[in-house]
Amino acid sequence: MTKRRARADIRERFGFAVKVRREELGCTQEELAHRAGIHRTYLSDVERGGRNLSLVNIERLALALKLPISGLFQLVERT
């Protein structure tokens, strides 16, 4: 019998989507954090799946990533 691998936690999938988009834009964590008005270490925690973001910070990140909120979540759904 094979074990089914559980889908990654939403925080990990969200963080991975943020990281992929940030890299597509050619931004460093520091640049993106500045654009979003958050601390770089907070962004690092987000990208590693260690933060459960508020709606306010999700919106800030989406704007900084030049995406509508729905577009950011579409990236999350693809991971």
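The buried residues of helix α3 pack against α1, α2 (29-36) and α4, where contact means heavy atoms within 4.5 Å. This is a predicted model, in which local features need pLDDT of at least 70 and side-chain atom pairs count only at pLDDT 80 or more, while totals for chains, interfaces and linings use all residues. Residues are numbered from 1 along each chain as its sequence is written, and side-chain values use heavy atoms, with hydrogens and water left out.

**Overall fold**
- The chain has five helices and zero strands; helices (H or I, at least four residues) and strands (E, at least two) are DSSP runs, numbered from the N terminus.
- Along the principal axes, the C-alpha atoms fill a box of roughly 50 × 25 × 25 Å.
- Of the 79 residues, 41% count as buried, that is, under 20% relative accessible area, with exposed over 50% and partly exposed in between (1.4 Å probe, protein chains only).
- Among contacts with a separation of 6 or more, 57% come from residues 24 or more positions apart.

**Helix α3**
- Helix α3 spans residues 40-47 and is mostly covered, six of its eight residues being buried.
- These buried residues are Tyr42, Leu43, Ser44, Asp45, Val46 and Glu47.
- Gly49 follows α3 and has a positive phi, near 80°.

**Packing of α4 and α5**
- The axes of α4 (residues 55-64) and α5 come within 8 Å and cross at roughly 90°; axes are lines fitted to C-alpha atoms, for helices over the stretch in contact, and angles run from 0 to 180 degrees between N-to-C directions.
- Ile58, Glu59 and Ala62 in α4 meet Ile69, Leu72 and Phe73 in α5.
- The residues of this contact divide into five nonpolar, no polar and one charged; Ala, Val, Leu, Ile, Met, Phe, Trp, Tyr, Cys and Pro count as nonpolar, Asp, Glu, Lys and Arg as charged, and the others, Gly among them, as polar.

**Aromatic pair**
- The structure holds one aromatic pair.
- Phe14 and Phe73 form this tilted pair, at 5.7 Å centre to centre with 50° between the planes; rings of Phe, Tyr and Trp (its six-membered ring) pair if their centres lie within 6.5 Å, with planes under 30 degrees apart stacked, over 60 edge-to-face and the rest tilted.
- The pair links distant parts of the chain, Phe14 in α1 (residues 10-25) and Phe73 in α5 (residues 69-78), 59 residues apart.
- Phe14 is buried at 5% relative accessible area, whereas Phe73 is partly exposed at 32%.
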